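This report describes a single protein chain for a reader who has the sequence and the model at hand.

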Amino acid sequence: MEMLGGLDYSQPSDAVVVRKALEQRDTNYQAVVEIFVGRKSCQILIMKQDYGARFRRQMDQDIINIEPPHPYQKIIVALMASHKAHHADVSQHIAKCDAMRLYESGVGKSGRIDEAVVLEILSKRSIPQLKLTFSCYKHIYGHDYTKLLEKENSGEFEDAFRSVIKCMCSPAKYYAKRLHSRKIKGSESSDGGASAALVMASRAAGVDLDEIVRVLRKKYGLELREAINL
């Protein structure tokens with residue numbers, strides 16, 4: 001049990017969070033992404049075992065079989081494959097090569113990127129390796145890779161991938177924006193349970209809560225208690 005804003009909140013197991021996200025009428029892909037991005041491979045393995053024991057189902061198949069297909073779904077399937085590979089080390093050389101491939105996959109594509117290239121990289125690289133790749137991209141090309149995904153003609157896949165990258169590389173800003181968006185959309189409701197759960201999810205992913213608070217104040221003029229409707 002954790003204290004948040006003077007109230008007690010408990011973080012449910014990742015298996016329960018994923019199952020709940022998949023059961024919603026509109027699948028909560030972001031909740032699933034946050035887990036696959038914010039956990040180590042050993043934690044993902046334990047989560048899958050817990051999922052199977054609790055629900056007598058295979059998590060991988062439940063995600064693969066979601067209908068209708070969605071860009072987030074493709075990215076999550078790739079991240080699942082990445083965690084299975086259990087990459088331990090990171091390589092500067094691989095990061096530079098992948099950064100160049102990502103750049104080339106988006107140049108001259110009228111706002112669209114080559115999904116096959118992106119999904120291949122996501123499925124073969126660990127989260128630390130991917131973070132290094134996006135860092136190398138910025139060093140080589142002078143701007144964040146997400147800028148390439150913000151072209152006028154970008155589609156749903158580009159939008160989903162941009163959100164995943166922000167969750168991966170700028171988690172405090174990502175969670176602060178999610179809290180702000182939830183605050184705006186849920187302004188008619190006084191129930192802060194969902195937003196509080198989002199904060200707890202960020203804590204479980206190892207994100208510095210103080211940094212989220214700083215972003216909320218600086219960018220949105222919000223205090224944490226306001227963001228979660230306490």
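## A buried arginine, a helix and the core around them

In this predicted model, the side chain of Arg39 makes a polar contact of 2.7 Å with the side chain of Asp14. Arg39 lies in the loop that connects helix H2 (29-38) to helix H3 (41-55). Although it is a loop residue, Arg39 counts as buried because its relative accessibility is 8%, under the cut-off of 20%.

**Overall composition**

The chain contains 14 helices and two strands. Of its 230 residues, 43% are classed as buried. The accessible surface amounts to about 12,300 Å², and carbon and sulfur atoms contribute 49% of that area. Among contacts with a sequence separation of 6 or more, 70% involve residues 24 or more positions apart.

Helix H10 covers residues 156-169, which makes 14 residues. From the first C-alpha to the last, H10 reaches 20 Å, close to the 20 Å expected at 1.5 Å a residue. The buried positions include the aromatic residues Phe157 and Phe161, together with Glu158, Arg162 and Ser163.

Ser163 of H10 is buried, since its relative accessible area is 15%. Leaving aside residues up to four places away in sequence, Ser163 touches Gln30, Tyr72 and Tyr174. The C-alpha atoms of Ser163 and Val33 are 9.4 Å apart in space, while the two residues are 130 positions apart in sequence. Another residue of H10, Cys169, has its C-alpha 9.6 Å from that of Pro128, at a sequence distance of 41 residues. Pro128 belongs to helix H8 (residues 127-141) and is partly exposed, because its relative accessible area is 48%.

The largest nonpolar core comprises 64 residues. Phe36, Ile75, Tyr145, Phe161, Leu179 and Ile212 have the most contacts inside that core. Ile212 touches Leu179, another residue of this group, as well as Ala172, Tyr175, Ala176, Ser202 and Val207, with residues up to four places away in sequence not counted.

**Aromatic groups**

Across the whole structure, 11 aromatic pairs are found. One of these pairs joins Tyr29 and Tyr72, whose rings are stacked with 5.9 Å between centres and 15° between planes. This pair links distant parts of the chain, for Tyr29 is in helix H2 and Tyr72 is in helix H5 (residues 71-85), 43 residues apart. Tyr29 is buried because its relative accessible area is 9%, and Tyr72 also counts as buried because its relative accessibility is 12%.

Which residues form one aromatic cluster? The members are Tyr103, Phe134, Tyr137, Tyr141, Tyr145, Phe157 and Phe161. Tyr145 and Phe161 are also named among the core residues with the most contacts.

**Towards the end of the chain**

Apart from residues up to four places away in sequence, Tyr220 touches Ala176, Lys177, His180 and Val215. Ala176 is likewise touched by Ile212.

**Backbone features in loops**

Glu67 and Pro68 are joined by a cis peptide bond, with omega at about -5°. Pro68 is in the loop between helix H4 (59-64) and H5. Arg56, in the loop between H3 and H4, has a positive phi of about 55° although it is not a glycine.

**Accessibility of selected residues**

The table gathers relative accessible areas for residues discussed above.

| Residue | Relative accessible area | Class |
|---|---|---|
| Tyr29 | 9% | buried |
| Tyr72 | 12% | buried |
| Ser163 | 15% | buried |
| Pro128 | 48% | partly exposed |

Notes: Residues numbered from 1 in each chain as written. Predicted model: local features only at pLDDT ≥ 70, side-chain atom pairs only at ≥ 80, totals over all residues. Heavy atoms only, no water. Helix = DSSP H or I, 4+ residues; strand = E, 2+ residues; numbered from the N terminus. Expected span 1.5 Å × (residues − 1). Buried < 20%, exposed > 50% of the residue type's maximum accessible area, 1.4 Å probe, protein only. Polar contact = N/O pair within 3.5 Å; in protein donor to acceptor, adjacent residues only side chain to side chain. Core = buried A, V, L, I, M, F, W, Y, C linked by side-chain atoms within 4.5 Å. Contact = heavy atoms within 4.5 Å. Phe/Tyr/Trp six-rings, centres within 6.5 Å; stacked < 30°, edge-to-face > 60°. Areas by Shrake-Rupley, 256 points an atom, 1.4 Å probe, with all protein chains shown as cover.
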